[in-house]
Amino acid sequence: MIAIAETEKNPDRWKDLISKMDINMCSGGLVHGVLEAHTRYDNNFTLNSKTIDEICTFVEGNFGKQGEYNCSHIMGHLALSQELGNFQKALDFCNGITPQRKYECYSGVFMENETRDNLVIHDGFIKVKWDDDFIKVQEGICSQYSDEQANACWREISHLYVARYQDDPFKVFKACSRAPTKKATEDCYVHASTIIVVSIYTSKDDLISVCAPLESHPGAKDQCLSSVIGALLTSSSAFV
């Protein structure tokens, strides 16, 4: 909200604001706020595949690949909000961007449908309860997609699983295993691990236990360990 308020004062200065920011601050939230405000309050701006690529190229130039990933993800959120919850229109924006940015863009679309932060604030949608019924609906949505879009959908459903199973690593992994492919299961749980560890971390043992469900998935376990360390570093000054 701080970044949105600052950008709203003068939407044309969004590049200056981003250039002065730390991409990791507030887990990327400040950059998210600037980009959201830019797309909403700059009357000369239209969100589409071309402008998504232009913005994310600028962000990448300032922050490298991490900035590019964050930007692409944010644009997925904003695309679904602009299209008032229409999945296909929002995903079509992602389909038209640079290939390496598509996955994060897809994941932003699916996450926005779950959290609904932009849809609620700007588009009149209502918050939904993250219960078993809503989880089933989201799983049904994920089952309609394939390949990269499906993996992105199952990755983001991890937010629901973590909330439903109260940060229990093995219960969350079991839920992620409902995904139809090994890749989708791993994407789901690795992402879940970054949410869980920020919530429960008190010692190195906790960090290790979060990745324990992936013992039989060596590559994914390594990714999990790297991801949870990154999540801790960007979520608290205590780990910097």
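Buried residues are those under 20% relative accessible area, exposed ones are over 50%, and partly exposed ones lie in between, with a 1.4 Å probe and protein chains only. Helices (H or I, at least four residues) and strands (E, at least two) are DSSP runs numbered from the N terminus.

The model is predicted: local features need pLDDT of at least 70, side-chain atom pairs count only at pLDDT 80 or more, and totals for chains, interfaces and linings use all residues. Residues are numbered from 1 along each chain as its sequence is written, and side-chain values use heavy atoms, with hydrogens and water left out.

**Stop 1: helix 6**

Select residues 102-115, which make up helix 6. Of its 14 residues, 13 are buried, so helix 6 is largely enclosed by the rest of the structure. From the first C-alpha to the last, helix 6 reaches 20 Å, close to the 20 Å expected at 1.5 Å a residue; the expected span is 1.5 Å times one less than the number of residues. Next, select Arg116, which follows helix 6 and has a positive phi, near 60°.

**Stop 2: the aromatic pairs**

Rings of Phe, Tyr and Trp (its six-membered ring) pair if their centres lie within 6.5 Å; planes under 30 degrees apart count as stacked, over 60 as edge-to-face and the rest as tilted. The structure holds three such aromatic pairs. Select Phe110 and Tyr145, an edge-to-face pair with 5.4 Å from centre to centre and 70° between the planes. Phe110 belongs to helix 6, while Tyr145 sits in the loop between helix 8 (132-142) and helix 9 (147-156), so the pair ties together parts that are 35 residues apart in sequence. Both Phe110 and Tyr145 are buried.

Now select Phe173 and Tyr189. Their ring centres are 5.6 Å apart and their planes stand at 85°, so this pair is edge-to-face. It links distant parts of the chain, with Phe173 in helix 11 (residues 169-176) and Tyr189 in helix 12 (residues 182-200), 16 residues apart. Phe173 and Tyr189 are buried.

**Stop 3: the disulfides**

A disulfide is a covalent bond between the sulfur atoms of two cysteines. Here, a disulfide is counted where a pair of cysteine sulfur atoms lies within 2.5 Å, and the count comes to five. With the bonded cysteines of the protein numbered in sequence order, the pairing is 1-2, 3-4, 5-6, 7-8, 9-10.

Return to helix 6 and select Cys105 together with Cys94. These cysteines form a disulfide, with their sulfur atoms 2.1 Å apart. The torsion about the S-S bond is about -70°, so the disulfide of Cys94 and Cys105 is left-handed. Cys94 is in helix 5 (residues 87-95) and Cys105 in helix 6, eleven residues apart, so that the pair links distant parts of the chain. Cys94 is buried at 0% relative accessibility, and Cys105 is buried at 0%.

Then select Cys142 and Cys153, a disulfide whose sulfur atoms are 2.1 Å apart. This link is left-handed, with -80° about the S-S bond. Cys142 lies in helix 8 and Cys153 in helix 9, so the pair ties together parts that are eleven residues apart in sequence. Relative accessibility is 1% for Cys142, which counts as buried, and 1% for Cys153, also buried.

Finally, select Cys211 and Cys224, joined by a disulfide with an S to S distance of 2.1 Å. The link of Cys211 and Cys224 is left-handed, with -85° about the S-S bond. It links distant parts of the chain, Cys211 in helix 13 (residues 204-211) and Cys224 in helix 14 (residues 218-235), 13 residues apart. Cys211 is buried, with a relative accessible area of 0%; Cys224 is buried, with 0%.

**Stop 4**

Axes are lines fitted to C-alpha atoms, for helices over the stretch in contact, and angles run from 0 to 180 degrees between N-to-C directions. Display helix 11 with helix 12: their axes come within 9 Å and cross at roughly 150°. That makes helix 11 roughly antiparallel to helix 12; angles under 35 degrees count as roughly parallel, over 145 as roughly antiparallel, 65 to 115 as roughly perpendicular and the rest as oblique.

Helix 12 and helix 13 pack at an angle of about 155°, their axes 9 Å apart, which makes helix 12 roughly antiparallel to helix 13.
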